[in-house]
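Hi everyone, thanks for coming.

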Amino acid sequence: MTENNGFGKEHDSGAGLRLKTGLAEMLKGGVIMDVMNVAQARIAEESGAVAVMALERVPAMIRAEGGVARMASPRLIKEIMAACTIPVMAKARIGHFAEAQILQSLGVDFIDESEVLTPADEQHHIDKHAFTTPFVCGAKNLGEALRRISEGAAMIRTKGEPGTGDVVHAVTHMRTIVREIKALTVLREDELYAAAKNLQAPYELVRMVAKAGKLPVPNFSAGGIATPADASLMMQLGAETIFVGSGIFMKEGGTPLDIEKSDDERKEAISRARAIVLATLHYDDPKIVAEASEAVIGNMKGLAAAAIEEKNLMQTRGW
Amino acid sequence: MTPPSPAVGVLALQGAFETHARRLAELGADASLVRKPGQLATLDALVIPGGESTTFLKHLERAGFYDALNQFVHSKPVFGTCAGCILLAREVTNPQQPSLGALDIAVERNAYGRQNDSTILTAETTLPGGPLEMVFIRAPRITRISDNIEVLAKRDDSPVLIRQGRILASTFHPELGDDPRVHQLFLNIVRRSMS
């Protein structure tokens with residue numbers, strides 16, 4: 001079956017897209033955690049994560065250490081896949097379709113075409129219709145979200161500013177997307193053509209969003225979410241699921257908690273993971289978010305996003 | 001006289017709760033989301049949706065939720081899809097994990113493989129109205145059933161839609177398709193239990 005429904009290419013049939021967004025649907029209301037090894041993946045699953053993101057270095061480490069950040073080693077990804085029963089995601093560089101092909105062949109459940117890694121293409125994102133594995137992509141605004149969806153993304157997440165522990169840009173991006181969606185819903189039919197031009201997004205998708213009042217794929221939140229209160233904030237602003245990158249397993253700057261050798265640091269990681277899972281479920285009950293916050297031992301030190309020079313921002317990668 | 005709308009909760013710890021609630025409301029049920037054990041008290045029936053069963057179990061550890069749910073599924077109509085079917089089973093494998101034991105079946109998690117093996121099939125079932133579309137996502141497989149289980153649909157030789165009295169379960173996702181027949185069947189079970 002093929003159909004051209006505004007999502008772009010005919011070779012990604014309606015059935016394929018439904019399976020992709022279907023898995024995203026199963027992740028709603030949960031927490032997806034960045035993990036760098038099997039021990040962290042086990043803690044994530046035991047703490048109630050709905051999926052893990054397997055990567056070599058979390059954003060805070062990439063930020064601290066610099067260098068080119070690439071797809072994780074297939075060996076690491078396979079180890080984590082073998083250790084977990086929940087879905088495993090992995091990141092490919094923006095535009096690096098060969099990395100994405102490798103991830104698909106490994107059998108990862110979701111590919112994140114991510115600005116956290118060093119972009120491989122300054123003009124083109126991956127043609128995600130060409131894959132059976134679903135993709136998630138970051139966005140700062142509605143136009144960017146719809147461009148990614150037209151390329152085949154089955155899930156959108158706010159970009160925020162990864163690796164900072166500063167939620168301010170995740171908030172800005174979520175508010176922007178929600179506001180721009182609302183603005184579309186009050187337009188006349190004949191105003192949607194110009195809206196599509198201004199958003200630099202396909203008209204068919206713009207019309208779909210104007211009619212439904214929401215994105216045609218699930219809308220998750222990422223980028224600087226570090227505490228139970230941050231998770232509650234993003235859920236109240238309209239996020240359907242929370243990605244936590246450096247907020248669980250990092251100590252200070254680029255140093256991870258030593259969960260294998262230090263019992264205290266292991267307990268600290270577990271306390272943060274459990275608390276954020278609890279706060280994401282009960283995001284609208286401040287008493288339970290308070291209970292979750294109280295149970296947290298320590299926290300990621302963080303880095304104020306405002307102090308980062310423009311050229312060092314990750315969110316401006318991609319278009 | 002129109003019969004009263006059954007109060008059907010959807011366990012909303014995580015997963016595909018919204019699509020279930022929407023479908024139930026379209027079919028005339030009074031649908032609500034259940035995130036706390038106290039919310040079970042006023043319900044006529046419950047849907048346990050797809051999602052991650054390990055996450056559900058983690059959330060159920062808190063505030064006496066597991067016991068309250070356990071009591072509910074052993075006394076009222078329940079419909080479990082995918083992870084919900086896993087939670088209702090007597091025995092879970094790959095790996096072993098706790099479950100409510102309301103359905104006399106054994107279930108193997110992620111039995112068909114990973115997301116790349118997820119698929120949409122159309123097959124005959126015992127439901128009237130022709131073939132049924134079935135969306136399988138990282139689906140479990142029912143590996144054993146006892147004699148009191150009615151099999152309504154199969155994939156190869158494995159049951160994928162089953163009924164044991166007031167309990168209905170599927171390893172696929174009827175809430176992700178357009179066909180309302182499986183939810184309709186569940187609401188018929190619910191209405192019958194109320195009269």
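So, a definition to get going: when I say nonpolar core, I mean a set of buried Ala, Val, Leu, Ile, Met, Phe, Trp, Tyr and Cys residues joined through C-beta atoms within 7 Å. Buried means that 20 or more other C-beta atoms lie within 10 Å of a residue's own, exposed means 12 or fewer, partly exposed is in between, and the C-beta atoms are placed from the backbone. Some housekeeping too: this is a predicted model, where local features need pLDDT of at least 70, side-chain atom pairs count only at pLDDT 80 or more, and totals for chains, interfaces and linings use all residues. Residues are numbered from 1 along each chain as its sequence is written, while chains are lettered from A and ligands numbered from 1 in the order in which they are written.

Okay, the core. Which residues have the most contacts inside the largest nonpolar core? They are Met33(A), Ala49(A), Val52(A), Ala90(A) and Leu88(B), in a core of 164 residues. Helix α11 of chain A, residues 263–281, gives the largest share of this core, with 8 residues. Helices here are DSSP runs of H or I with at least four residues, strands are runs of E with at least two, and both are numbered from the N terminus.

Take Met33(A) and skip its neighbours within four places in sequence: Met33(A) is in contact with Ala44(A), Ala49(A), Val52(A), Met53(A), Val244(A), Ile248(A) and Ala273(A). Contact means C-beta atoms, placed from the backbone, within 7 Å.

Zooming out, chain A has 12 helices and 10 strands. Its radius of gyration is 19 Å, close to the 20 Å that the globule rule gives for 319 residues, so chain A is as compact as a globular protein of that length. That radius is over C-alpha atoms, and the rule is 2.2 Å times the number of residues to the power 0.38. As for burial, 57% of the 319 residues of chain A count as buried.

Now the sheet in chain A: 8 strands, open, parallel pairing, in the order β7-β6-β5-β4-β3-β2-β1-β8. Strands pair if DSSP finds at least two bridges between them. At the edges you'll find β7 (219–220) and β8 (242–244) of chain A, each pairing on one side only. Inside, β1 (31–35) and β2 (51–54) of chain A are parallel over 4 bridges, and Asp34(A) has Met53(A) as its bridge partner in β2(A). Packed on the sheet is helix α4 (74–83) of chain A, which touches β1, β2 and β3 (88–93) of that chain and makes about 165 degrees with the direction of β2(A). For angles, axes are lines fitted to C-alpha atoms, for helices over the stretch in contact, and values run from 0 to 180 degrees between N-to-C directions.

Over to chain B. Is strand β4(B), residues 78–81, buried or exposed? Both faces are covered: Val78(B) and Gly80(B) on one side, Phe79(B) and Thr81(B) on the other, are all buried. β4(B) pairs in the parallel sense with β3(B), residues 45–48, over 3 bridges, with Val47(B) opposite Phe79(B). β4(B) also runs parallel to β12(B), residues 167–170, joined by 4 bridges, and there Gly80(B) stands opposite Ala169(B).

How values were computed: Contact = placed C-beta atoms within 7 Å.
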